[in-house]
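Colleague: Please take me through this structure slowly and show me how each kind of feature is read.

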Amino acid sequence: MKKTFNFLFALCLLFGWVAQALAQNNTKTMTPEMLLSMARVGGFSLSPNGKDVAYTVAFPSIEQNNSNSKLFVVSTDGKNRREVSTSLSGINSPVWINQGKLIAALAKASDGTYQLFTLSPDGKQVNQCSAVAGGITGFLFSPDEKSVIYTKDIKFGQTVADKYPDLPKATGRIITDLMYKHWDEWVTTVPHPFLAKLEKTPFVSGIDLLEGEPYEAPMKPHSDLTDFSFSPDGTKIAYACRKKVGLEYSISTNSDIYLYDVNTGKTTNLTEGMMGYDTHPTFSPDGKQLAWCSMERDGYESDLIRLFILNLSSPEKKTWLTEGFECNVESPTWSNDGKSIYFVSCVKALSDIYNIDITTRKIKKVTDGENDYIGFDLKGKNMVAARQSMLLPTDLYKVELTTGKAFPITAENAQLLSSLGDIRCEKRMMTTTNGEQMLVWVLYPANFNPSKQYPSILYCQGGPQNTISQFWSYRWNPRLMAEQGYVVILPNRHGVPSFGKAWNEQISKDYPGQNMKDYMTAADEMKKEPFIAKDKMGCVGASYGGFSVYWLAGNHDNRFACFIAHAGIFDMEAQYYETEEKWFANWDMGGAPWEKDNVVAQRTFANSPNKFVDKWNKPILIIHGEHDYRILASQGMMAFDAAKMRGVPAEMLIFPDECHWVLKPQNALLWQRTFFSWLDKWLK
């Protein structure tokens, strides 16, 4: 009997080993092609009864070099997922209306412009609600759904053709003020909000809330209709706007919350004297109060985002609701009873949903886990949220408000993800040179074996004040890097939010300071591990991360074997003159190059990365887009030329048609292939 048992036991072990071996042989390594072909969950909306979610999914096509989005509906228990089949293309921004009987969304009309449509949840009934010349860019229904705010781009400034009609083929631009370019465009239009009645559809025009004003609302480049809010009775509209142009616009972040009276057309500034960014206004359910996000200081885009409320009967009295909470507040949303406000905040590199009681000001953390919640929709006591991590792309979850437990509703890439290996993400705490604790994420390759040695990548974050939380990116993707056999090191160095105000503000006016020492600490600490190949560590980053790469290339004491800088600042003095939003340069650099008595500014320019090119001694790859007007492509070209003249192995990938980001699928794939080809060449 014992022999039989031993035989069976051995047989089971053998089958287990075989199964494990087969499983490992069947696992795939994520490739850039896989990443860039993944389905991407977009906008979503919870039905009024809390039972269904309408959401969009974008399906990129590398071959066709574009992406198409489709609309789906799924029950909040994750069942009964179905596509809302229509002939509409490019559908996005779904919202339930008519008590859940219809879905409103943007989609391409027959003339190729984006317009507002409504459709039944089965897709059989489709109605075009707008036919606005040039199309619209967003919409927001009034509470009674009898009117809608829509946004569209209107002409800004005078063109050469306006001034000289006899020169219709002239391509020159006559520039008379600053902000002639912004992020990725020459500024020839600005977005304006319009109010249209829905008595007859399709409507073709509406009342311009900023009639005759040359300002933008929503504010470019990232704001949207979340900067607008209807009062519950529909008679008032609150919106955020920075009412400045030209030089004044370029040196200020001072936006305000305005109250527009639908009946009289009168506009009132509710936040006069509040000098930083004021955004995301939202009315309380009874319409008596208004909540919004506010920064304190003008010219500082990374100031603490605070939650404020005011009573509309006495708007001069404003309450800082989150005083003492040193983390940013995003997406404020009133509870159904108006007694509290839900919001998203990143605390110690994890983004969760929080709730604050407006009477006691007690803040309660609702969700938990090693992931990021990036948005939510609340209907009554029902909540659906979007969640992601470094290991998993965005999907939708039902969140129980009482327990904070989250239950998956969608799993758009489940089949692909289930075929991949066991990439592991670990949180480490490291002591910085000034004695503080730094959170560092470390990702390990699939089937990680601590007895082996691996090449590694130190990731330098951009921003500069952006936390490395549990993000998922389709360009800088830590999982993809780990999938290629690298240990990936992601330090939350000084100068990022979510670790308190002092930690966040260290970097201002001190780019090469403590934060650079933190990068070296992370590299040195990881090199103490026996599984890290000491001479096979690369250093990569974009934007401020690109600046970090350039600076470290001349100050790294042979810590790194190669570098990759995307859209990085190489020459700080040139950057001051070239960049478009001068408030950014003034705040971060401490002043202008011509201020010879400004010690802080002169220290900044004296420590520019280009000052240390004589110490460059390791291969460097430089990537830049020529439509990048935040950090011009000339920065990358200067760095490449300097490296080649110094005799340092260098390569440059330049995109004539990309901006600060790389958006076209085939360009994105070229980026990934070039990125890993360079790393593999010097680290493997």
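Modeller: Let us begin with accessibility, where a residue counts as buried under 20% relative accessible area, as exposed over 50%, and as partly exposed in between, using a 1.4 Å probe and the protein chains only. The model is predicted, and for that reason local features need a pLDDT of at least 70 and side-chain atom pairs count only at pLDDT 80 or more, while totals for chains, interfaces and linings use all residues. Residues are numbered from 1 along each chain as its sequence is written, and side-chain values use heavy atoms, with hydrogens and water left out.

Colleague: Is R81 buried, partly exposed or exposed?

Modeller: R81 is partly exposed, because its relative accessible area is 43%. Its place is the loop between strand 3 (66-75) and strand 4 (82-83), where helices (H or I, at least four residues) and strands (E, at least two) are DSSP runs numbered from the N terminus. A contact means heavy atoms within 4.5 Å, and, leaving aside neighbours within four places in sequence, R81 has contacts with Y55, F72, V73, V74 and E412.

Colleague: Which residues is T521 in contact with, leaving aside its neighbours within four places in sequence?

Modeller: T521 is in contact with M430, T431, T432, T433 and M438. T521 sits in helix 8 (residues 514-527) and is buried, since its relative accessible area is 8%. Although T431 and T521 are 90 residues apart along the chain, 7.9 Å separates their C-alpha atoms.

Colleague: How many residues does the largest nonpolar core have?

Modeller: A nonpolar core is a set of buried Ala, Val, Leu, Ile, Met, Phe, Trp, Tyr and Cys residues joined through side-chain atoms within 4.5 Å. The largest one here has 75 residues, and I341, M526, L552, W616 and I620 have the most contacts inside it. Helix 9 (residues 544-553) gives the most to this core, namely seven residues. That helix is mostly covered, as ten of its ten residues are buried, including Y544, F547 and L552. W616, leaving aside neighbours within four places in sequence, is in contact with Y550, A553, G554, F570, A639, A643, R646 and V648. A second, separate core has 46 residues, among them I62, W441, L443 and V488.

Colleague: What volume does the largest cavity have?

Modeller: On a 1 Å grid over the protein atoms alone, a cavity is a set of points where a 1.4 Å probe fits but cannot get out, a pocket is an open set with protein on both sides within 12 Å along at least five of seven lines, and lining residues have an atom within 4 Å of a point. The structure holds two cavities of 30 Å³ or more, and the largest has a volume of about 80 Å³. Its lining includes S302, D303, E326, C327, K501 and E505. The second largest cavity has about 40 Å³ of space, and among its lining residues are Y300, S302, P464, W583 and W587. The second largest pocket has a volume of about 710 Å³; of the 33 residues in its lining, F156, G157, Q158, I174 and V187 are the closest to its centre. Helix 3 gives the largest share of that lining, three residues.

Colleague: Where does P464 lie in the chain?

Modeller: P464 is in the loop between strand 33 (454-460) and helix 6 (478-483). Most residues other than glycine have a negative phi, and most peptide bonds are trans.

Colleague: Which value does phi of S93 have?

Modeller: Phi of S93 is near 60 degrees, a positive value in a residue other than glycine. S93 belongs to strand 5 (residues 92-97) and counts as partly exposed at 35% relative accessibility. N447, which is not a glycine, has a positive phi of about 55 degrees and counts as partly exposed at 42%.

Definitions and conventions:
Points joined across faces, edges and corners; volume = space filled by probe spheres on them.
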